[in-house]
Amino acid sequence: PLAEIKGIANTAIDEFEKVKAQKKHAADVLEATVNKVEGLLFSIKNAKFDSLDKLVKLLAETRQMQGEVIELNNLRYIDVDKIGELKETLSSTGSKLSDKTVEFLLRDEALAPYEQKVVDQKNAVETVTKVIDANKIEDNCKLISSELELLIDILNSLKIDDATQTTKIIEKISLIFASLNEVRAQLKKKVDSLKSKEASAEFRAQLTLLEQSIVNYLELATSPEKSDEYFTKVSVQIEELESKFADFDDFIVIVADKRNEVVKVFDSRKAQLIE
């Protein structure tokens with residue numbers, strides 16, 4: 001009975017410490033989130049809303065913060081009242097930012113920076129000389145696309161009294177999207193061309209290396225057993241080459257011819273050694 005009592009007591013202590021740790025963790029997370037929210041609100045308060053980029057950035061950060069606060073509801077022992085306050089504050093802030101964004105969007109020059117971003121990416125495509133250089137342009141295109149999608153989302157979430165104004169903004173955004181898609185199409189065409197050139201150069205180098213290996217292995221094949229051994233090694237190299245350039249039909253044909261050639265030369269070598 002004494003041991004049983006001690007076991008129950010220890011379990012109770014462990015459970016108490018566990019709850020204590022969870023409460024501390026919840027408090028620490030909430031404190032960190034409050035600090036982040038206050039930092040965001042400070043940035044918004046001191047921001048000069050003189051560009052659409054700034055508005056969109058702050059609006060995106062506000063919406064992301066709203067998501068983080070909502071996620072806190074899944075944390076045990078969290079202060080739900082404080083979370084409610086944060087949600088209300090962020091919701092109000094987000095609404096004000098949305099109103100300012102729509103007001104800014106109604107200006108004729110509002111979307112000019114996005115139009116220029118697309119032009120910059122179009123010019124950048126012309127300077128691409130390596131496939132790896134295209135990755136940055138593709139990332140920029142994705143970023144522009146996500147920003148434009150956010151603008152459309154803002155428009156859809158708010159009611160603008162004049163429907164013609166909404167239509168005007170959406171038409172402008174659609175034109176930018178169309179230009180962006182043209183840039184992506186040009187980039188893909190450029191990348192496909194570069195991939196073909198780069199792959200061709202690499203294939204020639206790999207093929208030369210394979211041919212040198214064949215010559216070396218034939219010289220080292222001084223017995224039928226060694227001939228089989230080196231034939232296997234060359235076959236593995238051929239399979240790797242075939243796998244690496246599987247997307248290029250012309251290269252696969254060359255590899256197939258090389259495989260047939262290897263079979264013949266090693267069969268011939270083995271026959272000589274047996275004789």
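Student: Which residues are linked with D53 in a network of salt bridges?

Tutor: A salt bridge here is a side-chain nitrogen of Lys or Arg within 4 Å of a carboxyl oxygen of Asp or Glu. In this case D53, K117 and E147 are linked in such a network. Bear in mind that this is a predicted model, where local features need pLDDT of at least 70 and side-chain atom pairs count only at pLDDT 80 or more, while totals for chains, interfaces and linings use all residues. Numbering runs from 1 along each chain as its sequence is written, and side-chain values use heavy atoms, with hydrogens and water left out.

Student: Is E147 buried or exposed?

Tutor: Go by relative accessible area: under 20% is buried, over 50% is exposed, and in between is partly exposed (1.4 Å probe, protein chains only). E147 comes out at 16%, so E147 is buried. You'll find E147 in helix α5 (helices are DSSP runs of H or I, at least four residues, numbered from the N terminus). Leaving aside residues up to four places away in sequence, E147 touches Y114 and K117, a contact being heavy atoms within 4.5 Å.

Student: How many salt bridges does a search of the whole structure find?

Tutor: It turns up 17. Take D153 and R63, whose closest N and O atoms are 2.6 Å apart. D153 sits in helix α5 and R63 in helix α2, so this pair ties together parts that are 90 residues apart in sequence. D153 is partly exposed at 36%, and R63 is partly exposed at 28%. Now look at K57 and E61, again with 2.6 Å between the closest N and O atoms. These two are 4 residues apart in helix α2, about one helical turn.

Student: Which residues have the most contacts inside the largest nonpolar core?

Tutor: Nonpolar side chains tend to be buried together in soluble globular proteins. A core is a set of buried Ala, Val, Leu, Ile, Met, Phe, Trp, Tyr and Cys residues joined through side-chain atoms within 4.5 Å. The largest one has 47 residues, and L52, L111, Y114, L148, L151 and I173 have the most contacts inside it. α5 gives the most to this core, with 10 residues. Click on I173: not counting residues up to four places away, I173 touches L111, L148, L151, I152 and L155. There's also a second, separate core of 16 residues, including A199, L241, V255 and F266.

Student: How do α6 and α7 pack, parallel or antiparallel?

Tutor: Two packed helices are described by the angle between their axes and the distance between the axes. Axes are lines fitted to C-alpha atoms over the stretch in contact, with angles from 0 to 180 degrees between N-to-C directions. Under 35 degrees is roughly parallel, over 145 roughly antiparallel, 65 to 115 roughly perpendicular, and the rest oblique. α6 and α7 pack at about 175°, with axes 9 Å apart, which makes α6 roughly antiparallel to α7.

Student: And at what angle do α6 and α8 pack?

Tutor: At about 5°, with their axes 12 Å apart, so α6 and α8 are roughly parallel to each other.
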